[in-house]
Amino acid sequence: MKTSAKTLAPLLILMFTPAFAQDVPQKIDNTSCKIAFSCETSVYDDSSGPFVDSILKKMTLDEKIGQLNQMHWEDGTLLEENARKGLVGSVMSITNPKDFNKIQSIAVEESRLGIPLINARDVIHGFKTIFPIPLGQACSFDPDLIEEAARISAIEASAAGIRWTFSPMVDISQDPRWGRIAEGFGEDPYLASTLGAAMVKGYQGKSLSDPTSIAACAKHFAGYGASESGKDYNSTFISPNRLRNLYLRPFHACVDNEVATIMTSFNDNDGIPSTGNEWLVKEVLRDEWGYNGVVVTDWNAINEMVNHGYCEDARSATLKAVNASVDIDMMSRAYMANIKHLIADGLINESQIDNAVKRILRLKYSLGLFKSPYCDETLPSTAFYAPSHIQKAQELAEESIVLLKNDFHTLPLGPEVKKILVTGPLADAPYEQLGTWIFDGDAQHSITPLAALRDEFGVENIIYEPCLEYSRDTKLEGLNRVKEKSSDADVILAFVGEESILSGEAHSLASLFLQGAQSQLIKELSQLGKPVITVVIAGRPLTIANEIAQSSAVLYSFAPGTMGGPAIVNTIVGRNNPSGKLPVTFPMTVGQIPMYYNHNNTGRPSDGTELRIDDISVGTPQTSLGNKSYYLDYQKCLYPFGFGMSYSDFKYSDLCLDKNEYQVNDSIILTFNLENTSDVPGIEVAQVYIRDIHAGLTRPVKELIHFERIALEANDKKRVSFSIPVDKLGYWLGNKYIVEPGKFDIFVGGNSDDCIKNSFNVLY
Ligand code: NOJ
């Protein structure tokens, strides 16, 4: 029997190392106002304390407030004037190294103290070389490769003078209507934590002072992905326990991995906008987690607290944000206009501003900007689109592709396939395959599926008739030509999905059907008597049950980036055996949303045997007996979290544990057989889930706790062994992380639905 939650002792409370911990004396040039720099540092070994203190002592209040002010490259003359006066600390979106060096020289050479600027940019899934959108990257379940991709993004971005990216976005989302689901790692907190931390490591490198390292920014803190009805910027209503157990976990993981900065989110949670949420930012992030890095607002978020109806004016919004310990005001100018007056009126203590300035100067110091403020203008020529970067982009795109259906082994195409009819608006859409947030990626570097198919099969063997010019196109103009030409083709490849602009920020949708006449196109194709292979290129899960039924095989490729074409073609011909798994549940219909695998059990869970809408006779009287939690019309999802097929067939069996009972400081050694029963070598993402059967808070019916990519030769069998620390099995109850004793189920499988199971007990 478990004890009640109230009587539980916290068995494990996570501890944190402050990012900027070490204070080692620095050489300060006291003879002038300019600052001399003397020593290397990193987020891991910060020695900036005395150096930063010495600058702070020299700063006027205006200069201090200036460090909190973030401006945009497009601010032009005002930016230059402020840089000269020391009234700006960071700048957004300078992408030409010459431009950056010019404004940096104003800050460093012409301002009184010569404090360098940091240049920040939204480098979300690549700077020039574009990797799959983060939701696509998540399908790889491959943190090492994601870290490498982020490293490449940092190398390319830093070559342009960018030393700070507003990434990773680690917002959990269970709602594909929300356009920004594209930017995150899906619905699972463990997956998002693992992949978010990998991105942080990739961006920041071994040391921030490496000139190719860029500061990461975990965003949007917090709960933004739960925006009501999937409409961007909407309110959220997340309870404190749910916040900690779901939405905060990836942020916590980023803090553990010394993320240099964190961005507050736009949403108001339970009535309090994040940028003014003292509990969230000051108490939880800083005091509880020990985070001592920079907190930046989202764009104009201080002023927007007035729109929310949380603050009367920009002055009171400034007070809220400062009291929440938000350091940098992105673009609202509210700090510039109000902090000085609030200090004069005794409402803000200057030490609050000093603390914020110190955090910002520490970051600049860690990045080595005092020592090397300028960027090398020659780097872009070698860094951008370097062959090794392009190769990695293809690797990650290949790992991101998910095989959803493959009847009669339609894929991979065999040598008997000579002629292919290629159709659909996404077959040759170099810009659209890049996805959302690609300010700097050039579409002319994209290799489209059509180009890659022509390369693979010869131009003469590819019959191309797009039928629809773009995804929303309703005029099925080339359909007759498709019908005519289909008789020459062995298979039909249909590339459908979404243009980039249909997902991402402020691009939410209430309907998740294929846009325009794409569904009609697939339906028509399915009647031509040829195998139809549908490839979906999109920014979110779409409700495509019909199109799946009408296709022989389906590949899903969340916007795959620069090398999407070759990655898809390698998959179609079998050089890449798909290993991608879905990081989000695919609903059958929008009405099921939010639909996610890690939901709690109800008191009346469905067992799948309940009456369906068509089983109910007209006039059936109401009964209160045997009622269960289910929809009369749609019960199941289209695909569960973790789902993804392969050209290989994998079989799981014989899940064993080394013990039946564990102490909290033990590790569970679980072993199982994984067999490739096919003639094709492949990689399987083996997933481990647990269920805490009963606890002080109701816990999800399954929670991902571990995963690994396992390679198996044809007809190969492995006894796989994983070690899972028992202290990972806990949950947050208030501000305590608890591993509760009692019974747990443990599951292993190739997706969240289809698993083998065992059980164990955790003892005190
Ligand atoms: C608003 C977005 O919410 C955020 O993600 C982005 O980093 C900033 N704008 C800056 O562009």
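Me: Which residues of α4 are buried?
Reply: In α4 the buried residues are Pro97, Phe100, Asn101, Ile103, Gln104, Ile106, Ala107 and Val108, where buried means under 20% relative accessible area, exposed means over 50% and partly exposed lies in between (1.4 Å probe, protein chains only). This is a predicted model, in which local features need pLDDT of at least 70 and side-chain atom pairs count only at pLDDT 80 or more, while totals for chains, interfaces and linings use all residues. Residues are numbered from 1 along each chain as its sequence is written, and side-chain values use heavy atoms, with hydrogens and water left out.

Me: And what do the buried residues of α4 pack against?
Reply: They pack against α3 (76–85), β3 (118–121), α6 (143–159) and α15 (379–383), with contact taken as heavy atoms within 4.5 Å. Helices (H or I, at least four residues) and strands (E, at least two) are DSSP runs, numbered from the N terminus.

Me: What caps the N-terminal end of α4?
Reply: Asn96 does, with a side-chain oxygen 2.8 Å from the backbone nitrogen of Lys98.

Me: Switching to Thr129, where is that?
Reply: Thr129 sits in the loop between β3 and α5 (134–139), and Thr129 is buried, with a relative accessible area of 0%.

Me: Which side chain does the Thr129 side chain make a polar contact with?
Reply: The partner is the side chain of Glu156, at 2.6 Å; a polar contact is a pair of N or O atoms within 3.5 Å, and within protein one must be able to donate a hydrogen and the other to accept it, while residues adjacent in sequence count only if both atoms are side-chain atoms.

Me: How many residues of α16 are buried?
Reply: Helix α16 is mostly covered, with 10 of its 14 residues buried.

Me: Last one, are α12 and α13 roughly parallel or roughly perpendicular?
Reply: Helix α12 (residues 314–323) and helix α13 (residues 334–344) pack at an angle of about 80°, with their axes 9 Å apart, and they are therefore roughly perpendicular to each other. Axes are lines fitted to C-alpha atoms, for helices over the stretch in contact, and angles run from 0 to 180 degrees between N-to-C directions; under 35 degrees counts as roughly parallel, over 145 as roughly antiparallel, 65 to 115 as roughly perpendicular and the rest as oblique.
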